[in-house]
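Here is a friendly walk through a two-part question: what holds the chains together, and what lies inside? Take a look first.

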Protein chains: 2
Amino acid sequence: MTPQSEDFSRWYLDTIRKADLMDYTPVRGCIVFKPDGFELWEHIQEAMDKRFKETGHRNAYFPMLIPESFFQKEKEHIEGFNPELPWVTEAGGEPLEEKLALRPTSETIIGHMYSQWIQSYRDLPVLINQWANVFRWEKRTMPFLRTSEFLWQEGHTAHATEEEARQETMQMLEIYREVVEEVLAIPVWKGQKTPSERFAGAVDTYSIEAMMKDGKAVQAGTSHYLGENFSRGFEIKFLDRDNQFKYVHTTSWGSSTRLIGSLIMVHGDDRGLALPPRVAPIQLVMIPVGPAKLQAKVMETFDPLFDAIKQAGVRVKTDLREETPGWKFNEWEMRGVPIRLELGPRDVDNNQVILARRDTGEKITVALDQAVDTIKQLLVDIQNNMFQKALAFRDAHSHLDVDSLDQLNELISRTEQEGQPSGWVLAGWCGTNECEAKVKEETKFTSRNIPFEPPAVKETCICCGQAAKQTVWFARAY
Amino acid sequence: MTPQSEDFSRWYLDTIRKADLMDYTPVRGCIVFKPDGFELWEHIQEAMDKRFKETGHRNAYFPMLIPESFFQKEKEHIEGFNPELPWVTEAGGEPLEEKLALRPTSETIIGHMYSQWIQSYRDLPVLINQWANVFRWEKRTMPFLRTSEFLWQEGHTAHATEEEARQETMQMLEIYREVVEEVLAIPVWKGQKTPSERFAGAVDTYSIEAMMKDGKAVQAGTSHYLGENFSRGFEIKFLDRDNQFKYVHTTSWGSSTRLIGSLIMVHGDDRGLALPPRVAPIQLVMIPVGPAKLQAKVMETFDPLFDAIKQAGVRVKTDLREETPGWKFNEWEMRGVPIRLELGPRDVDNNQVILARRDTGEKITVALDQAVDTIKQLLVDIQNNMFQKALAFRDAHSHLDVDSLDQLNELISRTEQEGQPSGWVLAGWCGTNECEAKVKEETKFTSRNIPFEPPAVKETCICCGQAAKQTVWFARAY
């Protein structure tokens with residue numbers, strides 16, 4: 001496996017293949033989510049879906065195929081998505097009268113349906129989510145992070161007032177933060193996108209942004225206040241309490257299988273994957289050690305211990321294959337299992353077990369009758385420690401003292417020379433597209449978001465030196 | 001709402017719209033699964049997925065787009081599916097070199113991947129399931145039962161031996177039977193499809209078949225033993241223990257959102273939906289009754305009772321809207337909620353509640369402190385009663401004494417005159433395609449399956465009168 005420091009992309013591609021998370025396919029830009037990769041997504045789905053339902057949302061399913069004319073109804077939307085669309089032009093042996101796009105997102109078809117469903121303020125709010133496959137025919141792809149077909153959820157809500165729609169936008173952004181920070185142990189910055197990075201058709205776009213171990217950014221979830229853009233395009237009107245017809249205010253919000261990629265790039269190391277306990281398909285692997293002839297004796301303790309650990313709600317697996325313990329240790333480390341439990345004949349004699357942590361490499365010896373409690377506590381500790389480690393990494397690679405393009409270029413060349421990630425810079429921005437474009441052109445750093453709670457407030461624009469209107473995270477991004 | 005006896009299709013279409021389960025869309029043959037319809041699917045998914053995992057299967061996700069050349073590799077497969085495929089011919093602003101089909105089922109792409117993954121007997125069995133959207137461009141559509149896009153699961157497994165693959169085929173058929181009978185309360189016949197009704201590319205196809213209230217059949221799940229047909233087409237070979245290269249034996253099995261349609265057509269009546277408790281999104285609705293001025297008094301009992309019922313794990317909802325109790329009773333009956341709980345001031349005085357069953361219309365009065373236990377028992381009883389009712393209906397409309405086409409035609413005209421469902425006939429069959437085709441041509445009755453445990457054994461072919469090789473269920477089918 002290529003070390004991270006040598007070539008991070010290579011390391012990533014090696015790791016996800018070796019850990020059996022995905023495979024390439026003959027369909028351009030499309031991957032197979034293999035069971036070990038897909039199960040990560042199932043745990044993410046479970047965490048998200050629970051929170052969506054707790055906040056009153058319900059799931060539905062809308063057609064994947066969208067008539068070409070639907071895209072025309074919101075001008076910015078078609079401009080943003082048209083270059084990336086795959087089109088169905090024939091079906092059932094005949095050419096279609098109107099070609100149908102494979103959905104890149106569903107604002108248009110959902111907007112059309114909402115215009116039929118919403119008549120009165122009594123029909124509001126509409127709070128619907130959809131789990132679905134979507135398509136964006138990307139030129140450059142990267143497994144999980146950018147593929148032609150990917151899986152996601154997209155929430156689409158309609159409200160009587162701007163205030164309520166804006167509250168919804170923020171509520172869902174906060175749910176994304178909570179799942180990504182608390183379940184995936186990935187620290188994020190909540191903030192607003194600059195106009196050039198807005199979703200095509202949104203009034204305001206908000207995001208959570210995460211730093212990978214190569215210092216690059218991933219947008220880990222977005223939430224859009226769409227205003228009346230889509231309700232005007234699709235005529236979604238309602239009769240309000242005051243007997244006036246009004247356009248609804250809509251929102252949309254999405255998170256995707258990109259999160260799998262982020263999870264790997266934030267926590268993985270040169271030994272392979274490292275999975276936070278809350279999202280790990282296997283939280284603990286049990287491996288018997290010692291000479292084969294003593295195996296029967298070990299199993300007398302091993303089997304009831306397995307039952308007790310499983311009973312305690314831990315996702316536990318045993319590895320009884322014929323390979324050597326050392327081979328198994330490497331295998332499960334590479335697959336990122338948070339805790340390894342070893343049990344040998346001497347441990348049985350001493351009424352103890354060995355627990356090894358994937359996150360720190362630390363090994364501890366625990367009394368057998370304390371094993372279950374210790375494991376439960378350890379899972380909590382590992383989850384916290386992995387978050388803290390990722391946070392410390394992020395902060396160590398966040399630069400708050402870069403105040404000009406020269407300084408940014410200098411940072412980039414210095415870190416590149418050192419073989420270190422250049423990381424992110426928190427910079428002032430005058431608010432013009434020109435300056436944002438120039439930063440990108442000269443450094444490939446793009447604006448990530450305008451954080452709600454910036455760690456500092458910058459006074460001057462990193463590009464033109466004029467007074468800053470915003471304090472913005474800039475970084476190279478996936 | 002049209003009564004069932006007047007026009008069953010009309011009743012079905014009225015009911016699913018009125019109960020807000022679906023909506024039509026501008027995309028030909030594609031529907032929206034609205035939240036109340038989709039939630040039925042979520043409960044079905046949950047019941048299936050749990051059993052798939054318990055039997056060692058794991059979920060994965062394969063690309064939706066399948067290159068045209070893949071379909072050519074299994075001759076019967078392409079012949080079976082080609083007329084129904086939608087094709088992507090352009091993407092990202094350019095025509096594609098090879099057109100891509102929207103999957104109608106995934107044997108081909110999965111076969112291709114398995115040929116990469118399987119090298120040795122140690123790699124077997126491969127036990128993978130996928131939850132996905134699929135496309136079959138149907139000429140005549142019917143919401144849930146036959147739509148151009150639908151949702152399903154498709155299992156795809158590969159085994160070292162025919163015996164093991166055949167066991168898998170039967171195991172999954174039994175899981176379908178279990179979920180459909182025990183969760184959806186729909187009795188089914190397990191059996192084998194005749195060759196003309198086999199899945200395109202299968203060696204043997206098995207199904208579970210259910211009778212709707214109009215006497216027509218729905219295939220509620222299928223499981224296929226594919227033999228070496230796909231492993232030869234896609235070169236899925238493995239090195240066996242005996243050091244020989246062999247082709248794997250594959251299976252596939254699927255169940256879909258058709259089950260939602262079956263659920264409605266089996267249990268619904270002229271008052272609307274009737275949902276078995278295990279699949280009902282709402283198992284019990286609580287409605288306060290009596291004069292508005294006494295509402296506060298009622299709520300003092302109502303609220304803690306709600307908490308206690310919820311605590312007991314019942315999916316409970318309260319209806320506190322301003323409409324009259326009578327209006328609400330009709331509304332929740334129409335939506336199929338198994339139990340309605342009424343609580344008025346007099347009930348509070350008498351320490352009692354009223355429970356009304358959707359399945360029998362029966363109303364019982366129960367002491368307040370017995371309410372939770374009674375509800376739990378009632379949910380079990382209703383589940384059983386709904387199954388028994390459906391079973392009695394099915395058996396009453398299953399004809400075991402029809403031994404010729406004349407008798408079948410007579411049965412059809414007699415039942416049509418009476419305004420009754422013609423139902424199913426259990427008939428002998430000589431085993432020739434000709435006789436099967438003639439039955440279909442003359443009566444529109446098609447072979448459903450050859451039941452494993454037929455209620456009788458027929459000696460002569462219903463068509464030619466020759467010795468029967470099989471005893472087969474014939475029926476009109478969706």
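Q: How many salt bridges are counted between chain A and chain B?
A: The model is predicted, so local features need pLDDT of at least 70 and side-chain atom pairs count only at pLDDT 80 or more, while totals for chains, interfaces and linings use all residues. Residues are numbered from 1 along each chain as its sequence is written, chains are lettered from A and ligands numbered from 1 in the order in which they are written, and side-chain values use heavy atoms, leaving out hydrogens and water. A salt bridge here is a side-chain nitrogen of Lys or Arg within 4 Å of a carboxyl oxygen of Asp or Glu. Between chain A and chain B the count is 8.

Q: Which residue of chain B meets the side chain of A:E39 in a salt bridge?
A: The two side chains come to 2.6 Å, N to O. The partner of A:E39 is B:R58.

Q: How much area do chain A and chain B bury between them?
A: Buried area is the accessible area (1.4 Å probe) that two parts lose on being put together, summed over both. Carbon and sulfur atoms carry 63% of it, and the total is about 4,100 Å².

Q: Is A:L65 buried or exposed?
A: Buried means under 20% relative accessible area, exposed over 50%, and partly exposed in between (1.4 Å probe, protein chains only). Leaving aside neighbours within four places in sequence, A:L65 has contacts (heavy atoms within 4.5 Å) that include A:V88, B:V27 and B:W137. With a relative accessible area of 0%, A:L65 is buried.

Q: How far apart in space are A:L65 and A:P325?
A: In sequence, 260 residues separate A:L65 and A:P325. C-alpha to C-alpha, the distance is 51 Å.
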